Amino acid sequence: MGFAKDSSSKIQGIRITTVNIALIAMSSVCYVVIFYMMYISICQFSAMKEATDDYIFCEQSIVQLRAGSDTLTEDVRNFAITGEKKYADAYFHEATVARRRDRAVNNICSLLDHSEACSHLKLSLQQSNELMKLEYRAMRLVAESSGQELALFPEAVREYPLTEEERNLSNEEKLRRARVLVLGDVYRQYKEKIYADCAASLDTISRLLKKRHDDNMQKLWSTLYKTAICLVFLFLLSVAVFILISNLVIRPLKLYIQLAHDNRQFDIIGAYEFKQLALTYNNVYELNMENEARLRQEAEKDPLTQLYNRRQFDSMLNNMAGFPGVILAIIDVDNFKQVNDEYGHSTGDAVLKKVASGLKSVFRPGDFIARIGGDEFTVLFRCSPDKWAHIRERFMELERQLAGSGSDGLPSVTLSVGVAFSSHSGDGGDELFKKADAALYHVKEHGRNGVCSYDEIASS
């Protein structure tokens with residue numbers, strides 16, 4: 001586990017936690033900006049609507065101003081033509097009660113105070129008020145010409161001063177003079193000035209509110225453009241999140257699931273956390289492999305000589321027996337008990353190791369060598385029986401190694417070897433072992449330190 005600690009300190013990579021915090025922060029900023037832009041857009045749209053509503057309101061007010069002025073004109077003319085007092089009453093109801101002209105000017109000026117449009121409207125109202133003096137004069141002339149009581153008329157008519165000439169006119173002349181006053185060119189010129197001022201005011205209002213509308217529209221487009229940029233950035237951020245998750249999380253997970261299913265080590269890929277996971281898994285994996293290998297070795301190998309043990313030998317013998325060309329040799333160390341008694345068990349163990357090493361040196365790497373008992377070894381391999389002399393020579397070479405000068409401090413030992421060949425009829429494992437064991441017994445019966453095959457015994 002120390003290795004895992006040292007390796008983990010060298011791991012580099014993007015941390016999912018860091019990416020998550022960064023993405024949350026960037027997304028939050030984007031959403032805040034978008035919500036702010038939406039709020040600004042709503043405000044600017046409201047400002048545009050307000051400008052439009054103000055224009056409609058002002059237009060309606062100007063229409064009311066003109067309507068009020070036209071109503072006064074119509075009533076005074078009807079009174080001048082017919083002399084009926086109801087028209088005079090309607091006139092003063094409009095002038096003093098309805099007061100549409102004054103309300104219209106007040107409404108517009110309260111909305112657009114100190115503007116050019118307000119100035120035009122005030123001038124228009126002033127022109128209308130000047131015209132009312134002329135209308136009062138005409139109404140008094142009509143009232144006197146028709147013999148109506150002035151006391152029934154408002155003070156503006158009763159107290160309006162007539163000139164000496166007008167007082168001396170006959171009733172017919174007074175009526176004619178009154179009609180000229182409300183139907184003549186002077187009256188028409190006043191009305192044209194009123195209309196012109198109203199039109200100028202409406203034009204000014206139109207330009208003023210259009211500018212407000214256009215400014216807000218431009219700001220709205222700018223805000224929408226910025227919002228679109230934020231949305232594009234948010235989209236790209238979402239794509240980046242998908243790519244990061246795919247590369248840092250999904251791909252490593254899929255790969256690790258497959259590798260775990262195949263019982264293989266993990267590749268060090270993905271985010272820092274996955275690399276750390278892979279490293280930890282690989283360390284545990286290697287530790288498990290080492291433990292399994294050790295357990296397998298303990299289960300398959302002889303702990304002293306590191307040759308295969310009896311269980312593995314029995315399994316291999318059953319697998320190979322029955323095929324022609326299979327040879328089994330059983331090797332016994334002669335008088336091994338005397339070696340243990342005379343030199344001790346540690347020397348005896350060293351002798352067994354030397355025998356095992358010698359077997360490995362004279363046989364091929366693919367040949368199956370095992371220790372099946374205390375001083376009993378086996379060799380299971382494939383070879384043609386006609387090479388029996390070569391096989392015997394291998395064991396003779398091993399004998400020479402074991403009967404050396406003793407420079408290694410170990411006593412010289414001899415071997416008894418029994419060999420059996422698998423016949424074409426297909427001997428089983430037990431049958432092949434019995435033949436090799438019989439050949440070994442024959443060598444021991446004839447003085448040990450020799451090599452004999454079962455075929456030699458059978459032929460003799």
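These are my notebook entries on a predicted model of one protein.

**Entry 1: confidence**

I began with the pLDDT. The protein averages 86, and 95% of the residues score at least 70. I then went through the elements. Strand E2, residues 368–371, has the highest mean, 94. Helix H1, residues 2–8, has the lowest, with a mean of 48. Over residues 1–5 the pLDDT is below 50. I looked up what that stretch touches beyond near neighbours in sequence, and the model gives three contacts.

**Entry 2: overall form**

I listed the elements next. The protein has 16 helices and five strands. How does the radius of gyration stand against the globule rule? It is 63 Å, while the rule gives 23 Å for 460 residues. The value is well over the rule, so the protein is more spread out than a compact globule. I also took the spans of the C-alpha trace along its principal axes. They come to about 185 × 45 × 30 Å.

**Entry 3: surface and contacts**

Of the 460 residues, 40% are buried. For contacts, I took pairs at least 6 apart in sequence. Of these, 69% join residues at least 24 apart.

**Entry 4: helix H9**

I turned to helix H9, which covers residues 185–261. Two of its residues went into my notes.

Phe242 has its place in this helix. Is Phe242 buried or exposed? Its relative accessibility is 60%, over the 50% cut-off, so Phe242 counts as exposed. Phe242 also belongs to a nonpolar surface patch with Val232, Phe235, Leu236, Val239 and Ile243. Together the patch residues have about 600 Å² of accessible area.

Leu259 lies in helix H9 too. Its relative accessible area is 3%, so I logged Leu259 as buried. Which residues does Leu259 touch, leaving out those up to four places away in sequence? I found Arg264, Gln265, Phe266 and Asp267.

**Entry 5: helix H10**

My last stop was Lys275, in helix H10, residues 272–300. Its relative accessible area is 17%. The cut-off for buried is under 20%, so Lys275 is buried.

Definitions and conventions. Residues numbered from 1 in each chain as written. Predicted model: local features only at pLDDT ≥ 70, side-chain atom pairs only at ≥ 80, totals over all residues. Heavy atoms only, no water. Helix = DSSP H or I, 4+ residues; strand = E, 2+ residues; numbered from the N terminus. Buried < 20%, exposed > 50% of the residue type's maximum accessible area, 1.4 Å probe, protein only. Contact = heavy atoms within 4.5 Å. pLDDT = per-residue confidence, 0-100. Patch = residues over 30% accessible without salt bridge, like charges linked within 9 Å, V, L, I, M, F, W, Y side chains within 5 Å. Areas by Shrake-Rupley, 256 points an atom, 1.4 Å probe, with all protein chains shown as cover. Salt bridge = Lys/Arg side-chain N within 4 Å of Asp/Glu carboxyl O. Rg over C-alpha atoms; globule rule 2.2 N^0.38 Å.
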